[in-house]
Amino acid sequence: SMMRKYGLGADNVLDARIVDANGKILDREAMGEDLFWAIRGGGGASFGIILSWKIKLVPVPETVTVFTVTKTLEQGATKILYRWQQVADELDEDLFIRVIIQAAEIPGRKGQRTISTSYNSLFLGGVDRLLQVMQKSFPELGLSRQDCNETSWIKSVIYIAGFPSNSTPEFLLQGKAMPKAYFKAKSDFVRTPIPTKALGGLWRRFLAEDGPLMIWNPYGGMMSKIPENAIPFPHRKGTLFKIQYVTLWLDGEKSQNKHMNWIRNLYNCLLYTS
């Protein structure tokens with residue numbers, strides 16, 4: 001969630017220690033710059049066993065702000081999402097607003113589903129400046145002070161990860177296993193906004209699945225400033241955002257083919273219509 005401010009974790013690697021195919025332990029100087037380049041995104045395990053990373057730490061303010069604002073189709077979700085596509089990569093680099101898209105039941109209409117778009121955000125600063133930035137750059141979302149929560153950065157990690165609001169930082173050290181589930185995921189890097197007509201077609205296919213999920217992560221900021229050949233991750237300047245398509249199910253192989261076919265058809269549909 002700080003990639004727009006500082007780039008990827010791999011962009012901030014200073015050194016590494018690996019075991020090569022001959023059993024030698026190499027640091028950056030010993031392995032050479034070509035191999036050091038390759039292990040930061042080119043399939044690190046293909047070149048040896050990575051023992052450790054040395055990472056450059058980055059500063060964060062004492063107070064950060066988080067929020068989640070949800071809009072359904074009945075609340076103009078498609079129009080707002082189209083606007084998000086136009087501004088997300090151009091926002092203040094202290095501001096990260098991803099969109100989590102799911103199917104949801106329409107309140108008061110049992111059995112009828114709609115599309116839910118949740119704008120889930122981390123801002124590296126206080127609520128006052130955040131509201132100024134949003135009013136200037138993305139007023140269509142209608143963010144209010146009541147939607148915002150000032151907190152510490154470590155607590156924002158818990159928030160962005162979707163853990164319960166009463167979780168403490170110590171929760172991250174417990175290492176509890178999550179419930180077992182099955183999933184299939186695919187990704188797209190988007191360079192031009194998806195038209196509203198194409199979004200309408202996407203929603204129809206989305207609602208045909210039992211447990212669909214999409215996460216749209218904004219790029220821009222530092223991600224546009226780092227050269228595409230700096231590490232083996234070329235999705236830099238010109239990439240507006242990344243879409244993650246996910247389908248989840250619980251009964252293993254019993255319904256595997258159904259869900260795999262759905263996500264492949266969804267991916268192909270969007271590929272040809274956008």
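1. Trp84, Trp216 and Phe241 are joined into a cluster by ring pairs. Rings of Phe, Tyr and Trp (its six-membered ring) pair if their centres lie within 6.5 Å; planes under 30 degrees apart are stacked, over 60 edge-to-face, the rest tilted. The structure holds nine aromatic pairs.

2. On provenance: the model is predicted, local features need pLDDT of at least 70, side-chain atom pairs count only at pLDDT 80 or more, and totals for chains, interfaces and linings use all residues. Residues are numbered from 1 along each chain as its sequence is written, and side-chain values use heavy atoms, with hydrogens and water left out.

3. Which kind of pair do Phe206 and Trp262 form? The ring centres are 6.3 Å apart and the planes meet at 55°, so the pair is tilted. Phe206 sits in helix H7 (residues 196–206) and Trp262 in helix H9 (residues 256–273), 56 residues apart. Helices (H or I, at least four residues) and strands (E, at least two) are DSSP runs, numbered from the N terminus. Both Phe206 and Trp262 are buried, meaning under 20% relative accessible area (1.4 Å probe, protein chains only).

4. Tyr245 and Tyr267 make an edge-to-face pair, 5.8 Å centre to centre with 85° between the planes. Tyr245 belongs to strand S10 (residues 241–249) and Tyr267 to helix H9, so the pair ties together parts 22 residues apart in sequence. Tyr245 and Tyr267 are buried.

Methods: Buried means under 20% relative accessible area, exposed over 50%, partly exposed in between (1.4 Å probe, protein chains only).
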